[in-house]
Amino acid sequence: MKENSVLNLSVIDNDLGIRNNGQAAQSDIGQSRDAEFGDLRQVTYFELARLMERASRRFAGLIRAELTKLRVDDIGPAQAMILLAIGDSELSVAELLDRGHYVGSNVSYYLKQLADGDYIDRVASQRDKRSARIKLTEKGRLLRANLRDAAMTYERAVNRGDQDQRMLETAFQTLHQLELAWGTSSRFGV
């Protein structure tokens, strides 16, 4: 195995051929184990999509645990992600939808919960009363800061150096390219 294919992760995922050799978990990049026969084969985009979905669920669990530590019980991971997406900006619901690729009906529900919990201010637009501008309240900014601090702690625990940073950047670029390709394909066909 090449030196640059070593992952410094403590998670072992047998579906993806990651195994523990007593020191660091390692993966044969671009290969996966066939569940039935145990032989190596190329990773498919379908498997990548499944991994992304599982990783997303685990990340939501991580946010849920952090909210519990912070004694926040009136919102969940989805609403916390919206707080992070809003950031220091004041934006419209349409801009928020663009930033987070959320479903409109879900965002309306999440924004109502955030407004009821005093995490956001929702102000009707001066030009169009049907449209609203959204910004974080002091309570929302404090929770956002706490979640960002927790994210930095987790990142420091996982990112062990330049190689891990390069791998993270490569993964991000790859997933971004897939997002664009899959979005285009779903709109215009293959």
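Predicted model: local features only at pLDDT ≥ 70, side-chain atom pairs only at ≥ 80, totals over all residues.
Reader: What makes tyrosine 45 exposed?

Author: The relative accessible area of tyrosine 45 is 55%, and because exposed means over 50%, tyrosine 45 is placed in that class.

Reader: How do you know that tyrosine 45 and tryptophan 182 form an aromatic pair, and why is the pair called edge-to-face?

Author: By the rule for such pairs the count comes to two. For tyrosine 45 and tryptophan 182 the distance is 6.4 Å centre to centre, and centres within 6.5 Å make a pair; the planes stand at 85°, and because an angle over 60 degrees counts as edge-to-face, the pair takes that name. The pair links distant parts of the chain, with tyrosine 45 in helix α1 and tryptophan 182 in helix α6, 137 residues apart.

Reader: What makes tyrosine 110 buried?

Author: Its relative accessibility is 19%, and buried means under 20%, so tyrosine 110 falls in that class.

Reader: Which residues form the nonpolar patch on the surface?

Author: The patch is formed by Tyr45, Met52, Leu175 and Trp182, with about 380 Å² of accessible area together, and the elements giving two or more residues to the patch are α1 and α6.

Note on methods: Residues numbered from 1 in each chain as written. Heavy atoms only, no water. Phe/Tyr/Trp six-rings, centres within 6.5 Å; stacked < 30°, edge-to-face > 60°. Helix = DSSP H or I, 4+ residues; strand = E, 2+ residues; numbered from the N terminus. Buried < 20%, exposed > 50% of the residue type's maximum accessible area, 1.4 Å probe, protein only. Patch = residues over 30% accessible without salt bridge, like charges linked within 9 Å, V, L, I, M, F, W, Y side chains within 5 Å. Areas by Shrake-Rupley, 256 points an atom, 1.4 Å probe, with all protein chains shown as cover. Salt bridge = Lys/Arg side-chain N within 4 Å of Asp/Glu carboxyl O.
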